[in-house]
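Please look over the sequence and the structure below before reading on. The briefing is meant for someone who meets this structure for the first time.

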Amino acid sequence: MVEYFVLFTLLLLLPFLPGIAELLIREDDNPLDIKQDFSKDPAFFGKSFQKILAQALLQRSKRISEDSIEVVLSTGKPEILRLYKNTVGGKHMMDIVFAEDTEVKTDSPLESYKEVVVNGNFTTWHPCKVRSLLVFGNLNVNYSLSVVRWVHVEGIAKIRARSVLGVNFYAREIKITAPCTFKRMFANKVQIGEEVKEEAFKKEEAHYIKGTIRSKGSLNIKTEDRKLIIEGSLISDEDIVAEGGIWIKGDVFSHAGVVFLKNVVVGEAGKVKSVVGKKRVVLGQKVKVYGYVHTDGSGVVEI
């Protein structure tokens, strides 16, 4: 009878033994070594693919026809690199598209289930639907562009047609003059519609707010007769709405949404700032951001 009681007690205590041991021994008592200066690289996807493709072309490539090369990328399996000159188009289910010339344009609708790489400037005159897009020059979108994953543009990206900008959109400078959707954008300057000049704030008599504004509720900032300069950041648990001639020199963060309806500038030239709306970001006419625009929910350009 005693044996059964001992066995029952052991079985009862068994699930708690690891926790008791941890309390007594404390093997994980020291905090994890976390690199505090780590930051995400907004160009990570494009840079990584550039490196992988360059290594594959140098070390593990072979020509299989006049317009195609077999390369082995990071997956370890052979991929077909389809070569084009100054025009590109067609449907590509299994091959990576590579346009070699410095000036490239579409000559027909382009659809690719893999990456599209352009060695120079790329101009779209037809619908384009791609998984990822790498452009070493400037990007000019004159017809609808739909991206599933990422876009990396070494130069200036001008979006003049309704587009889906994927999960991550990177360029040296981004100019958007058409309705778009996005998740993350980064550029030295993200400009929506006509540019708002910072000089306009300096020429006119403006109101000033110095310091960061924090709120547990929503922030609704609208101006009509006079410009407003906020020498700090906006942080809120609820929506942040701004309109009417507002220059925010710090970051903007909301656990809900960020809505810039019209005439809003965030940051300054040469200083990277962030606009983060966890649930949504809406950008309207004459909005400019120096740096990041990010949302985990829906990102919309309404213009």
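This is a predicted model: local features need pLDDT of at least 70, side-chain atom pairs count only at pLDDT 80 or more; totals for chains, interfaces and linings use all residues.

Residues are numbered from 1 along each chain as its sequence is written, and side-chain values use heavy atoms, with hydrogens and water left out.

**Overall make-up**

- The protein chain has 4 helices and 24 strands, where helices (H or I, at least four residues) and strands (E, at least two) are DSSP runs numbered from the N terminus.
- Of the 303 residues of the protein chain, 43% count as buried; buried means under 20% relative accessible area, exposed means over 50%, and partly exposed lies in between, with a 1.4 Å probe and protein chains only.
- Among contacts (heavy atoms within 4.5 Å) in the protein chain between residues at least 6 apart in sequence, 19% join residues at least 24 apart.

**Nonpolar cores**

- The largest nonpolar core has 53 residues, of which L139, M185 and F260 touch the most other members; such a core is a set of buried Ala, Val, Leu, Ile, Met, Phe, Trp, Tyr and Cys residues joined through side-chain atoms within 4.5 Å.
- When residues up to four places away in sequence are not counted, the residues that L139 touches include F122, L133, V151, I156 and I159.
- A second, separate core consists of 13 residues, with I69, L81, I96 and L134 among them.

**Aromatic pairs**

- The structure holds 5 aromatic pairs, a pair being rings of Phe, Tyr and Trp (its six-membered ring) whose centres lie within 6.5 Å, with planes under 30 degrees apart counted as stacked, over 60 as edge-to-face and the rest as tilted.
- The rings of Y170 and F186 have centres 5.9 Å apart and planes at 5°, so this pair is stacked.
- Because Y170 lies in strand β13 (residues 168-176) and F186 in strand β14 (residues 180-192), the pair ties together parts that are 16 residues apart in sequence.
- Y170 and F186 are both buried, and ring pairs link Y170, F186 and Y292 into a cluster.
- F201 and W247 form a tilted pair, because their ring centres are 5.6 Å apart and their planes stand at 55°.
- F201 is buried at a relative accessible area of 1%, and W247 counts as buried at 3%.

**Individual residues**

- S233 sits in the loop between β18 (228-231) and β19 (234-236), and at 14% relative accessibility S233 counts as buried.
- The side chain of S233 reaches the backbone nitrogen of D251 at 2.9 Å.
- V289, in strand β24 (residues 280-301), is buried with a relative accessible area of 1%, and its C-alpha atom is separated by 8.4 Å from that of A187, 102 residues apart along the chain.
- K286 is also found in strand β24, and its phi is near 60°, a positive value in a residue other than glycine.
- K286 is partly exposed, with a relative accessible area of 21%.

Methods:
A polar contact is a pair of N or O atoms within 3.5 Å; within protein, one must be able to donate a hydrogen and the other to accept it, and residues adjacent in sequence count only if both atoms are side-chain atoms.
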